[in-house]
Amino acid sequence: MCLSIPGKIVELNGTDAVVDIMGALRGISTELVPDAGLGDYVLIHAGCAIQKLDEEEAANTIQLFKDLKEVMNG
Amino acid sequence: MVNYIDEFRNPELSAAIAEKLAEYSGRPLTIMEVCGTHTMSISRYGIRSLLPECIRLVSGPGCPVCVTPAGYMDAAVKLAQNPEIIITTFGDLIRVPGSTSSLAAAKALGADVRIIYSPLDCVRLAEENPGKKVVFLSVGFETTTPVSALAVTHAAEKGLDNFFVLAANKTMPQALKLLAGDSSIRIDGYIYPGHVSTITGTKVYAEVAQAYGIPGVVAGFEPADILHAILTLAELADKREARVINEYSRAVREEGNPAALDKMYEVFEPCDSVWRGLGTIPTSGLRLAPKYASFDAAKAFPGETADADKDIEPKGCRCAEILKGKAVPSDCPFFGNACTPVKPVGACMVSSEGSCAAYYRYKA
């Protein structure tokens, strides 16, 4: 039920967007993420974008996973 | 970042984390995840098989379909039998058994029951069928509820009088606190939901950590995400450090999604709610706010929906204990024989995110 999938906004008309989900195109609403723009990656759930994905944070997380140091910092 | 998926599914990355986890030599730990999508991912990726023996993973009540009382399904079936009504529902509700029937059975007998992907589709259906009443079975946690709320505001903007919502939505914080405070369930760490958290933010988890001394990690759903969350939790729990760390920061901000929260609380208001297996949890449910009362199926169809909150447990079914992490699916006498995905006894087997369905499908 919480299944959400990342997709890239390839078309935007007000709050109606078309997203590219690994090659498949789908129409969604961006009403719940009003600052989402063309080219942004968003999480899509039940026909709506629910959050913007942060590329810098994603890169930080990958680095955290690669480092495998003691997790003492929050 | 190419697509935010492949990078986190990288097998070498996961293998390295699993190797580090295998070195764990602290005290035995029980870690609980409280999100149906985590339940499925853990089984699908065989995560349990990669853990040291002393780290046990149990599932909590993270599947919204699994914690919906059987009375709700009975109400849905009664509504479906009204020839004026089109029932619209998420797919995994269709085979959930009520006390005597299911929506799938009702549909086979001629009821108009339609599976939708988005609540927004229901509004369109209502517009296209002015002679019918469209009832949306609104089940879900904070990930889904804002979208259901959006459907209601769309219907209001269009002035529709034939769109209704039968609300059984629930919120996580109260259930989390109930579990954390239950001394018969010894949990050493929580894997916190990923997508619920994109909406709610992470502040409530800090409250649970402080009040009950249980650490938590907000995790994504790819193998590397889950394995690393367990690694972090093992380190924190072994040292009894009750902190909360957000490892899904690419999607989860501390403040969550304020626009989605505003929409959710514009259309819904908190109420007490019956959770299958857990009983009534105060202020853990959501019902339509007075401003949107005209869309409330419970008000429009009181006869059919009066007992929607009744929790009827089939005799011998152990869903209730499984939802609290007190038992695992293989402990249930019905698992795999009387209860299978094709012929389920309880919701944990039929829901796409139920523990029993996960165990059955992936044997993990």
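Modeller: This is a predicted model. In it, 39 residues of chain A are in contact with 53 residues of chain B.

Colleague: How much area do chain A and chain B bury between them, and what share of it is on carbon and sulfur atoms?

Modeller: The size of an interface is often given as the accessible area lost when the parts come together. For chain A and chain B that area is about 4100 Å², and the share on carbon and sulfur atoms is 64%.

Colleague: Which element gives the most to the side of chain A that touches chain B?

Modeller: Between the two chains there are zero salt bridges, while 12 residue pairs are in polar contact, both residues at pLDDT 80 or more. On chain A, the elements that give two or more residues to this side are β3 (24-29), β4 (41-45), β5 (48-52) and α1 (55-67). With nine residues, the element that gives the most is α1(A).

Colleague: How far apart in sequence are the parts that the pair of B:Phe141 and B:Trp275 ties together?

Modeller: The two rings lie 5.7 Å centre to centre with 25° between the planes, and the pair is stacked. B:Phe141 is in the loop between β5 (133-138) and α7 (145-157) of chain B, whereas B:Trp275 is in strand β10 (residues 268-275), so the parts tied together are separated in sequence by 134 residues.

Colleague: Are B:Tyr292 and B:Phe295 stacked, tilted or edge-to-face?

Modeller: Both residues are buried. Their ring centres are 6.4 Å apart and their planes stand at 40°, so the pair of B:Tyr292 and B:Phe295 is tilted.

Technical notes
Residues numbered from 1 in each chain as written. Chains lettered and ligands numbered in written order. Predicted model: local features only at pLDDT ≥ 70, side-chain atom pairs only at ≥ 80, totals over all residues. Heavy atoms only, no water. Phe/Tyr/Trp six-rings, centres within 6.5 Å; stacked < 30°, edge-to-face > 60°. Helix = DSSP H or I, 4+ residues; strand = E, 2+ residues; numbered from the N terminus. Buried < 20%, exposed > 50% of the residue type's maximum accessible area, 1.4 Å probe, protein only. Contact = heavy atoms within 4.5 Å. Buried area = accessible area lost by both parts, 1.4 Å probe. Salt bridge = Lys/Arg side-chain N within 4 Å of Asp/Glu carboxyl O. Polar contact = N/O pair within 3.5 Å; in protein donor to acceptor, adjacent residues only side chain to side chain.
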